[in-house]
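Ready to ask some "how do you know?" questions about a protein? Have a look first, then we'll talk it through.

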Amino acid sequence: MDKYNEYRKHTYKDAGVEKGFTTKALISILALILALALTLTSCGSSAGTGTASVTSVTAEATDNAVSKSKMFTERDLSGDYDESEAETITLSGSSAETSAASGVTISGSTITITAEGVYIVSGSLDDGQIIVDTDDSAKVQIVLKDASVTSSDSAALYVKSADKVFVTLAEGTENTLANGGSFIADGDTNIDGAVFAKDDIVFNGSGSLIIDSPAGHGIAGNDDVKFAGGTYTINAAEHGVKANDSVRVAEADVTIVSGADKDGIHVSDDADEEEGTGSDSFFYMADGSLTISAGDDGIHADASVIIEGGTIAVSKSYEGIEGLSISISGGSTTVIASDDGLNAGSSIEISGGNVHITAGGDGIDSNGSVAVSGGYTVVEGPSQGDTSVLDFNGTASITGGTFIGTGGAGMGENFTDAEQGLITVNVGSQSAGSTVTLRDASGNVIAEIAPGLDYAAVYISAESMAQGETYTLTAGSYSESITLTDIIYSTINGGMTGVPGGGQTMPGGNTQGGMPQGGPGQGERP
């Protein structure tokens, strides 16, 4: 575990922040890592693709994790350059020309940048490559201005050595970086992406870039990969974006399609695993948009997934978002997964934003704890099997926000602690599209959705729900009047807490009176 002490002390040379995120939220996560030392697990099943009608809240990032200014430098985000002081590189089929008297060498269709500076690239290479090979303190800015580069057997852009490379998309331009279908190693370096960077790489600007990689990763980075402006379409046979240290998104629109059994975004340091130490690889998003269709995980990070804002839409995945810890404090996150929606080895925290999960496995699955303290969260599915809306090995608390869950009742687990009213009820078999509505004693709607999957269990908690108040829950053919004699009312998994305020009408017309007995039901998990 000494790795984590190094991790927390290490500082980024470009952002002046501790790599261990020295904020209260992330320090607590690292404490959990040390205390739990758990491994990621998952259970398989299949999901439908239905949608729900959801009343949401405005998604605003909260100030409880890290900040965008610590994750991105001003130069990362600006995308500025002075064209009058930049060198030009003009591509032409199988050759190229440059205005640079030094710092650029051209050999056929291979262009090598050897000095720090700003280089504006335009035109196209049918089968060529741009290489950055400078000293390890140099910062190089490559401005793509209607540029297209295809390499038949390597990376179209290969960062061999530098401190940091900025790939800036000129305003109003369309650009392409592509691999032709095979990769040849560069000595001991196994190049496996249409963009391959051995050092930090930042994508910014306001133009657009298509990255095609029919035989490998879209972008492969040994250090940090940042999206800080521009519009991106990434198609890859392997992972869409793969990085060892981090992937960070702000002020960019990114669309990713990854290959079969591959992640949309994959952040993992294999060297850490080989050394037997925990990984410190993380994903961070501040704003912008991210759309992912993945053969495996939508977003995978060995350490932390931190979402403070922006729009994330995982339209296809095996597991939607996976990390040792997952923290969501703002933005809009939508996940469709055939297995677990959110899967963490240590902790899942939702403190703000809109979260909508449709899952064939567990909706929210943590080997440690689950904590909901804000935001608007909707979980649909699973419909049946040995899975649950919630699955956790430690504790699950709800202290704020709105939580609505629908799914199977057979293995349903419930929150262990609540500071606001919580209702979890077995409503019998209800069809997809059957509206779930909770009203207060005055008839005001507190929560309402039309789940896209069949369901038998309903979870509802909102900040306005209070102990001692009476509510009416309807779910398809089911209707019940519930008085919260306790802060938690539950009938899932055979548990019964609280007293129904008029009996509960079960499908088929049978009425079952309320019978307080123990706490919230919680089934055993495999």
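Predicted model: local features only at pLDDT ≥ 70, side-chain atom pairs only at ≥ 80, totals over all residues.

Q: How do you know what share of the chain is buried?
A: Buried means under 20% relative accessible area. Residues that pass that test make up 57% of the 526 residues in the protein chain.

Q: Why is the link between Asp-287 and Lys-68 called a salt bridge?
A: The cut-off is 4 Å between a side-chain nitrogen of Lys or Arg and a carboxyl oxygen of Asp or Glu. Here the closest N and O atoms are 2.8 Å apart, so the pair is within 4 Å and counts. The two partners sit in distant parts of the chain, 219 residues apart: Asp-287 is in the loop between strands S21 and S22, while Lys-68 is in helix H3. There's also a network of salt bridges here, linking Lys-68, Glu-251 and Asp-287.

Q: What makes Lys-164 and Asp-76 a salt bridge?
A: Their side chains meet at 3.0 Å, N to O, and the limit is 4 Å, so they qualify. This pair also links distant parts of the chain, with Lys-164 in strand S9 and Asp-76 in helix H4, 88 residues apart.

Q: How do you know whether Lys-164 and Asp-76 are buried or exposed?
A: Check each value against the 20% cut-off. Lys-164 has a relative accessible area of 3%, so Lys-164 is buried. Asp-76 has 0%, so Asp-76 is buried as well.

Q: Why are Asp-163 and Lys-139 called a salt bridge, and where do they sit?
A: Asp-163 is in the loop between strands S8 and S9, and Lys-139 is in strand S7, 24 residues apart. Asp-163, at 9%, falls under 20% and so is buried. Lys-139, at 28%, is partly exposed. A search of the whole structure finds nine salt bridges.

Q: How do you know that strands S3 and S4 pair?
A: Pairing needs at least two bridges. S3 and S4 are joined by four, so they pair, and they run antiparallel. For instance, Thr-105 has Thr-112 in S4 as its bridge partner. The hairpin has two residues between the strands, and Gly-108 takes a positive phi near 65° in this hairpin.

Q: What makes a set of residues a nonpolar core, and which residues touch the most other members in the largest one?
A: The members are buried residues such as Val, Leu, Ile and Phe, joined through side-chain atoms within 4.5 Å. The largest nonpolar core has 88 residues, and Ile-142, Phe-203, Phe-227, Phe-283, Leu-290, Ile-364 and Phe-403 touch the most other members. Strand S27 gives the most to this core, with seven residues. A second, separate core of 23 residues includes Val-378, Ala-447, Ala-462 and Leu-473.

Key
Residues numbered from 1 in each chain as written. Heavy atoms only, no water. Buried < 20%, exposed > 50% of the residue type's maximum accessible area, 1.4 Å probe, protein only.
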